[in-house]
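Start with the model itself.

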Amino acid sequence: MHNKIRLNYFMLLLGMVLIASSCQREEEEEMIPIGNIPEIGALPESVLSPNENPYSNEKFELGRALFWDPILSGAKDVACVSCHHPNFGYADGRDLSSGVNGIGLGPNRVNGDVVKRNSPTILNTAFNGIDLAGNYNPDAAPMFWDNRAMGLEEQALLPILSKEEMRGSEIAEDDIVDSLIQRLNTLPAYRTLFVEAFGDATINQNRIVQAIATFQRNILANNSRFDQYMRGDLNALNNQEIEGMNTFISVGCANCHSGPMFSDFQLHTLSVPDHALVDDDGATGNFDFRTPSLRNLNLTAPYMHNGSFDNLREVLRFYNDISGGNANSQNPNVGNNQIDQDARNLRLNNGQVNEIITFLNTLNDEDFDRSIPQNVPSGLSVGGRID
Ligand code: HEC
Ligand code: HEC
């Protein structure tokens, strides 16, 4: 009943907007944007760049080259794309990522150093931190499962410094950036790309991260059927999907998975089981991790910070397991009373599970840039040792 009321309220708002706009009335209260649901919303159709790093096609192309080129790794074997590949929704389809020394792509990659977390997609990371009103600051967009970097520019350096992800053990952390700059300087193709992107051939850390960030900022999947619906195309979702949306909100998922990214970008303790290969006690030692986006989930399994769950049904079973009278931690290091209060009351029946999954499937947008370059400026193998 509650769901129905919500739905009708939404339709009523929408009706008001249509009437308001058709009569050209100007009373402000009635100019409610289409699809104004209190908890969740459409993504913007375009992105903001930081003032210090405005968009240009040339910077995007340089960033794309760097993203695909293993030249940025110590042993020239790993590129960003080794773990954020378009064929895997710009993630890698693995529970934990596999870094230096690895061979192959996605779940088939072997021999790589174990990275302690699951690779999130870079799709829509431009919008990290966005609130329901659509406000966000590209300089302060929170990055990683523990929010430890702010902004795509700051983030881009960290995998390059990381021993397991890209640096390897041959070159010290303090030396890696200088040696990469030297490498790039010896390659005329890169010198040309830097001239085109920045006006002169100077290659430095700031320009490298600005170019990579510009590329990532424009890898978007922001036109899901949910977005179309919220922007006013009422036929974009069917009744079951709308029912699922109402269930998602009414049971409390949107207390944390809120706003246009379906994330409050806050840290929460849920008691996700530990992975056998790594110790990870989260952002503050409380097994707390950032609420992930729920967009494009069909591309980014397995789920959670360590890939504990293979599919959405397992995730929802987990929420059921930790809910109920006095919670029921699924991680021996987390006490029942440490579990976030909002996560303790998500006991769902089978019907609700199905409804929510039906709704989550409307958040996928398959139409994003999947292009794979023919070659990279260094002449090394495209994407690293991923074949
Ligand atoms: C070996 C695999 C691997 C490589 C190589 C790699 N990443 Fe990642 N990436 C990850 C993992 C794992 C995480 C999550 C780490 C964490 O949260 O602590 C991550 C997180 C991110 C995020 C944060 C997304 C978000 O929503 O918080 C971005 C952006 C990103 N990587 C971009 C890059 C870029 C740019 C490069 C190349 C310079 C790169 N990655 C190289 C595995 C990798
Ligand atoms: C208390 C806040 C909170 C509530 C309420 C909540 N979640 Fe989550 N959700 C999180 C956090 C935090 C994670 C990541 C946990 C981790 O990796 O350790 C997560 C992870 C997920 C994931 C995995 C996504 C991925 O990419 O790995 C899915 C799917 C998900 N939640 C769906 C739901 C649904 C559906 C509901 C409602 C039944 C819900 N969540 C309720 C905070 C919450």
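The iron atom of ligand 1 takes a single protein donor, H84 through NE2, at 2.1 Å. Donors are N, O and S atoms within 2.8 Å of the metal (3.2 Å for Na, K and Ca); water is not among the atoms, so sites may look incomplete. H84 sits in the loop between α2 (57–68) and β1 (142–143). Helices (H or I, at least four residues) and strands (E, at least two) are DSSP runs, numbered from the N terminus.

This is a predicted model: local features need pLDDT of at least 70, side-chain atom pairs count only at pLDDT 80 or more, and totals for chains, interfaces and linings use all residues. Residues are numbered from 1 along each chain as its sequence is written, chains are lettered from A and ligands numbered from 1 in the order written, and side-chain values use heavy atoms, without hydrogens and water.

**Ligand 2**
- Among the 27 residues around ligand 2, C253, C256, H257, M304 and Y319 come nearest (a heavy atom within 4 Å counts as near).
- A polar side-chain atom of H257 is 2.8 Å from a ligand 2 nitrogen.
- Y319 places a side-chain N or O atom 2.6 Å from a nitrogen of ligand 2.
- Two elements give two or more residues to this shell: β4 (288–290) and α10 (312–322).
- The largest share, 4 residues, comes from α10.

**Helix α9**
- α9 (residues 239–251) has 13 residues.
- Its buried residues (under 20% relative accessible area, 1.4 Å probe, protein chains only) include E241, M245 and F248.
- G252 follows α9, with a positive phi near 115°.

Definitions and conventions:
A polar contact is a pair of N or O atoms within 3.5 Å; within protein, one must be able to donate a hydrogen and the other to accept it, and residues adjacent in sequence count only if both atoms are side-chain atoms. The expected span of a helix is 1.5 Å times one less than its number of residues. Buried means under 20% relative accessible area, exposed over 50%, partly exposed in between (1.4 Å probe, protein chains only).
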